[in-house]
Amino acid sequence: MADLLDRALVERRLRTRYLGRNLLYLDTTSSTQDVARAEAERGGPVGTAVLAEEQTAGRGRLGRAWVSPAGKNIYVTLVMRPPAPKLRVLSIVSPLAIAEALEGIGLAPRLKWPNDVLVGGRKIAGILIETELSGDAVKYALVGIGLNVNFDVEATPEIADIATSVRRELGRDASREELLAALLNAFEARYEQALEGDAVFQAWRSRLETLGRRVRATLGERVEEGVAEDVDAEGNLLVRRDDGSLAVVEAGDVTLSA
Ligand code: BTN
């Protein structure tokens, strides 16, 4: 029987005004994205957090699955409603908040563009952002975060080489409650800051492992290869091709070369 999350402990550690204050805690669900979407459609408040112990159909970016065993990790979706011109801040704030929560327990995470969180070169957390627009306005954005906490990744051969968990990195179990509260606290603080200025952008940029590396960026049929030179103010990746021209990559998947 897996350990259940102590919800009261999360609430005691929360320092947020709205994020996670409406917390829906589920034992098992298909995907927290689906539950959060229904909540958002019903007009659920900004900052609603849907958390599950287990997902039976957890999804990742680009149609991939997200391995979601019971009682080990954090699977949470946040309902946000940023102004449309600020939608991109979610892709910056989310990995940064995860990184800051992990730094708080002594890890040294790096970010892989667009928004993976790595420790020791392996993925410890992933983010899936689904947006619903109404004309030009944002109806809601669903920020899905999967963070491997006490997961025995090495016992899961299909991802053992590419994924890690807090437990693997620290050599001991960690408190999911502490991490979740730290993540929500950092997320709200950074989100509010990001709506104001660009300090958050710099904090995100400085943790990007991708910069200066040779990359292969794919988005559907489009493939860009070269050196990831920088990110622009919108968070797009700037790839210097071998012929010297510059490619602006807005989204997609990036493979790092040595
Ligand atoms: C990725 O790196 O591909 C994104 C993974 C996102 C996983 C989280 S877990 C909570 C939320 N519910 C889902 O089904 N997916 C996201």
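The structure discussed here is a predicted model, and the values below are computed from its atoms. As background for both features, most residues other than glycine have a negative phi, and most peptide bonds are trans.

Strand β5 (residues 116–119) runs antiparallel to strand β6 (residues 122–134), and three bridges join the two. Within this pairing, valine 117 has alanine 125 of β6 as its bridge partner. Two residues lie between the strands of this hairpin, in which glycine 120 adopts a positive phi near 55 degrees.

Strand β6 is also joined to strand β7 (residues 137–147), again in an antiparallel arrangement, by ten bridges. Here threonine 131 stands opposite alanine 141, a residue of β7. The hairpin formed by β6 and β7 likewise has two residues between its strands, and glycine 135 in the turn shows a positive phi of about 65 degrees. The residues with a positive phi described so far are set out below.

| Residue | Location | Phi |
|---|---|---|
| Glycine 120 | hairpin of β5 and β6 | near 55 degrees |
| Glycine 135 | turn of the β6 and β7 hairpin | about 65 degrees |

### The contact between the domains

The protein is divided into domain 1 (7–205) and domain 2 (214–256), and the C-alpha centres of these two domains lie 25 Å apart. Ten residues from domain 1 and 15 residues from domain 2 take part in the contact. About 1100 Å² is buried between domain 1 and domain 2, with carbon and sulfur atoms giving 54% of that area. On the side of domain 1, the residues that lose the most area to domain 2 are Arg88, Lys112 and Trp113, which together account for 55% of what that side buries.

Which polar links are counted between domain 1 and domain 2? There are three salt bridges between the domains, and the count of residue pairs in polar contact, both at pLDDT 80 or more, is seven. Aspartate 230 and arginine 205 form a salt bridge in which the closest N and O atoms are 2.8 Å apart. Helix α6 (residues 199–205) supplies three residues, the largest share of the side of domain 1 that touches domain 2. By residue class, that side of domain 1 divides into five nonpolar and five charged residues, with no polar ones.

The structure as a whole holds 25 salt bridges. One of the salt bridges is formed by the side chains of arginine 7 and glutamate 11, at 3.2 Å from N to O. Both arginine 7 and glutamate 11 belong to helix α1 (residues 7–13), where they are four residues apart, about one turn of the helix.

Definitions and conventions. Residues are numbered from 1 along each chain as its sequence is written. This is a predicted model: local features need pLDDT of at least 70, side-chain atom pairs count only at pLDDT 80 or more; totals for chains, interfaces and linings use all residues. Side-chain values use heavy atoms; hydrogens and water are left out. Two strands pair if DSSP finds at least two bridges between them. Domain bounds come from an automatic or database domain assignment. Contact means heavy atoms within 4.5 Å. Buried area is the accessible area (1.4 Å probe) that two parts lose on being put together, summed over both. A salt bridge is a side-chain nitrogen of Lys or Arg within 4 Å of a carboxyl oxygen of Asp or Glu. A polar contact is a pair of N or O atoms within 3.5 Å; within protein, one must be able to donate a hydrogen and the other to accept it, and residues adjacent in sequence count only if both atoms are side-chain atoms. Ala, Val, Leu, Ile, Met, Phe, Trp, Tyr, Cys and Pro count as nonpolar, Asp, Glu, Lys and Arg as charged, and the others, Gly among them, as polar.
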